[in-house]
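Have a look at the fold first.

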Amino acid sequence: MSALNIKKGSNKHSAYNLRPTFSDLQERHTLALVVENEPGVLARVIGLFSGRGYNIESLTVAEVDQADHLSRITIVTTGTPQVIEQIKTQLGRIVPVREVHDLTVEGKPVERELAIFKVVGEGDKRVEALRLADIFRANVVDSTLSSFVFEITGSPDKIDAFADLMRPLGLAEVARTGVAALLRGDS
C-alpha cells in the first residue's frame, strides 16, 4: 500500500486541515459573574486569574441579593478568543459561581465607572481645570486655594480622556472604582 500524498492543511475544507486556528488578536471582554456571597469566593476567582497569568483590568464586587446571599462580580480582562473562552469555562467550574456572562458577546453593555481626581494648580491652570471639568460634567467635591477634587462618572474611555487633559494642569492623584456593567434592553 502507498501512503496518501495529502499536503498538510492544503485546503481549508479538507478533513485533514491541520492549520492552527488560534488567533493572536487581543480582545477586551467584560464578564459578569453571579456568585454565592460567602467567604473566599473572590479569592478563588482571583486565584484562577493569577494562577494562570491572566490579567484583570478592572474588578468590582457588590452584594445584589440579600435574601439569596448573591453577589455580582464584574471583571474586565483581555486575551485572545481562546483565552477568553478558557477563562469563562474555568470560572463556571468554581462551585460558588452560579452564572458566568460575557457581556461583550451577549450584547453591547452599558459600562460606567466613577473616578475622583485631585488637581493641584494656581492661576490659569486652575481656571482651565474648572472649564474642562464643566465640559466633562465632572463635579467639584472639594476645593482649596491651590487644589480641586473632581468626581466624574462615565465610560472608561471618558475617564481616561479626562485624566489625559488634567495631567498638564497638575493632576496629583486618581482613584477609580472599576467598571460596573449591565446589558442594554430587555435581555
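K118 is partly exposed, at a relative accessible area of 32% (buried means under 20%, exposed over 50%, partly exposed in between, with a 1.4 Å probe and protein chains only). Its side chain meets that of E173 in a salt bridge, 3.6 Å from N to O; the term covers a side-chain nitrogen of Lys or Arg within 4 Å of a carboxyl oxygen of Asp or Glu. K118 sits in strand β5 and E173 in strand β8 (residues 171-176), so this pair ties together parts that are 55 residues apart in sequence. Helices (H or I, at least four residues) and strands (E, at least two) are DSSP runs, numbered from the N terminus.

This is a predicted model, so local features need pLDDT of at least 70 and side-chain atom pairs 80 or more, while totals for chains, interfaces and linings use all residues. Residues are numbered from 1 along each chain as its sequence is written, and side-chain values use heavy atoms, without hydrogens and water.

K118 also leads us to β7, where its bridge partner is V149. Strands β5 (residues 109-120) and β7 run antiparallel, joined by 8 bridges; pairing takes at least two bridges found by DSSP. β7 also pairs with β6 (residues 139-143), again antiparallel, over 4 bridges, and a hairpin of 3 residues joins the two. In β7 (residues 147-154), 6 of the 8 residues are buried.

Back to charges: K88 and D102 form another salt bridge, with the closest N and O atoms 3.2 Å apart, and both residues are buried.
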